[in-house]
Amino acid sequence: MSAVNVSIVGGTGNIGKSIVNALLSSENQDFRITALVRPQSIEKPEVVDIRSRGIRTTALDLGGSEHDLVKALEDTHVLIVCLPPRHTSQEIKLIDAASKAGVKRFVPSAWAVTAPPNDLMKRDWKEAVYAHMKKVRLPYTIIDTGVWHEVVIPRVPSGKLDHAALMGRTFLVGQGETPCATTAIQDIGRFVASIIVDPRTLNRYVFAYGEHVTQNQYIALAREITGEAVPYIPVSQEKVVSVAHQPETADFQVWQKVIVQYLYNNWVKGDSETSYAKYLGYLDAHDLYPEFKVKPLSESMREAFSGGEDFAAQVGDDSFWVGLEKLLLEEEDR
């Protein structure tokens with residue numbers, strides 16, 4: 001079995017760590033991994049840790065010269081990018097360098113909900129990357145995952161789920177019965193290990209998700225596991241629609257808009273689910289890999305309640321969420 005040379009940008013973040021762990025533990029393919037790391041981060045503890053696991057680390061400034069980028073990508077078969085949304089535009093130079101270096105498959109920083117173009121601001125940032133990738137005819141695979149479990153794990157009065165909850169508030173949209181795909185971050189890496197060596201996924205979009213849940217289901221699950229009431233703020237679908245595409249202001253910041261647009265996409269329109277993903281042209285990872293056993297939300301929530309691994313800090317501080325709540329409630333009263 002020939003080794004597959006994989007270079008990864010963002011290999012120490014949440015998605016990147018999941019991918020690195022899965023590639024290292026793969027029993028079906030030999031992956032030789034290079035983590036491309038900002039020069040100022042090359043000796044950070046998390047980078048030293050992955051180097052100690054046999055992963056090559058290369059210092060690379062994504063804003064540097066094309067010559068340096070091409071050189072870093074020489075002999076790379078698969079380039080995987082896991083960048084925060086605010087750095088999406090940095091992928092453009094990577095795409096040009098990957099094309100010149102002869103990279104066989106580019107996996108851009110998707111890892112999110114399925115949605116049509118020109119409807120979600122955050123999606124459109126990514127679509128600009130995809131358009132450039134196709135313009136230069138770089139072979140690709142785009143992998144979307146639905147919302148991570150940490151997005152739908154709610155906060156409870158005791159605070160015992162806070163360390164695993166990304167959202168500072170639970171906004172219950174409409175009747176709470178719209179299904180949305182959710183995925184354990186650990187499963188994303190396991191899906192990737194199969195997808196990037198599968199010829200069926202080349203130049204295709206893949207929806208790699210765990211299960212579908214409604215808001216009512218995850219709230220009920222949290223009540224069952226914690227024995228506590230789950231505080232939530234009822235929001236009408238009409239209200240979410242009216243706010244989702246308003247321009248940003250001093251009182252409606254860009255990341256608040258991202259949250260509202262996720263409410264709109266996931267819980268109003270129901271666009272992040274399998275049937276719509278297939279309509280958009282995605283391959284369903286459950287069809288591709290029927291033997292794959294996903295981690296259910298119930299398991300992630302029970303682990304969180306028992307004091308499992310911390311996740312990243314919540315999106316925004318309390319003033320961010322107070323402001324968003326005020327905006328939505330004021331909008332409802334008009």
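Y205 is buried, at 15% relative accessibility. Buried here means under 20% relative accessible area, exposed over 50%, and partly exposed in between, with a 1.4 Å probe and protein chains only. Y140 also counts as buried, at 10%.

This is a predicted model: local features need pLDDT of at least 70, side-chain atom pairs count only at pLDDT 80 or more, and totals for chains, interfaces and linings use all residues. Residues are numbered from 1 along each chain as its sequence is written, and side-chain values use heavy atoms, with hydrogens and water left out.

**Aromatic rings**

A pair of aromatic rings is described by the distance of the centres and the angle of the planes. Rings of Phe, Tyr and Trp (its six-membered ring) pair if their centres lie within 6.5 Å; planes under 30 degrees apart count as stacked, over 60 as edge-to-face, and the rest as tilted. The rule gives 11 aromatic pairs. Y140 and Y205 make an edge-to-face pair, with 6.2 Å from centre to centre and 80° between the planes. This pair links distant parts of the chain, 65 residues apart. Y140 sits in the loop between helix 5 (121-135) and strand 6 (141-144), while Y205 belongs to strand 10 (residues 204-207). Helices (H or I, at least four residues) and strands (E, at least two) are DSSP runs, numbered from the N terminus.

Both tyrosines belong to one aromatic cluster, formed by Y130, Y140, Y205, F207, Y209 and Y282. Elsewhere, a charge meets a ring. The charged end of R190 sits over the ring of F292, 4.1 Å from its centre. The rule asks for NZ of Lys or CZ of Arg within 6 Å of the ring centre and within 35 degrees of the ring normal.

**Two domains**

The domain assignment, automatic or from a database, gives domain 1 (4-146 + 184-207) and domain 2 (148-182 + 211-270 + 293-328). Their C-alpha centres lie 27 Å apart. Each side brings 24 residues to the contact, where contact means heavy atoms within 4.5 Å. The area buried between domain 1 and domain 2 is about 1,900 Å², and carbon and sulfur atoms give 57% of it. Buried area is the accessible area (1.4 Å probe) that two parts lose on being put together, summed over both. On the side of domain 1, D119, M121 and A184 supply 27% of the area buried against domain 2, more than any other three residues.

The unreviewed UniProt entry annotates residues 6-250 as "domain: NmrA-like". The end C-alpha atoms of that span lie 42 Å apart, and the span is 36% helix and 18% strand.

**Buried residues and their surroundings**

| Residue | Relative accessible area |
|---|---|
| F31 | 8% |
| S300 | 9% |

F31 lies in strand 2 (residues 31-37). Beyond its neighbours within four places in sequence, F31 contacts V4, V6, L23, S26, A193, I196 and V197.

S300 is part of helix 13 (residues 297-305). Not counting residues up to four places away in sequence, S300 touches H149, I153, A184 and K295.

Which residues of helix 4 are buried? In this helix (residues 91-101) they are E91, L94, I95, A97 and A98. They pack against strand 1 (4-9), helix 3 (66-72), strand 4 (78-81), strand 5 (105-107) and helix 5. After helix 4 comes G102, with a positive phi near 80°.

Terms used:
UniProt positions are given in the numbering used here, feature names are shortened, and annotations may be inferred rather than shown by experiment.
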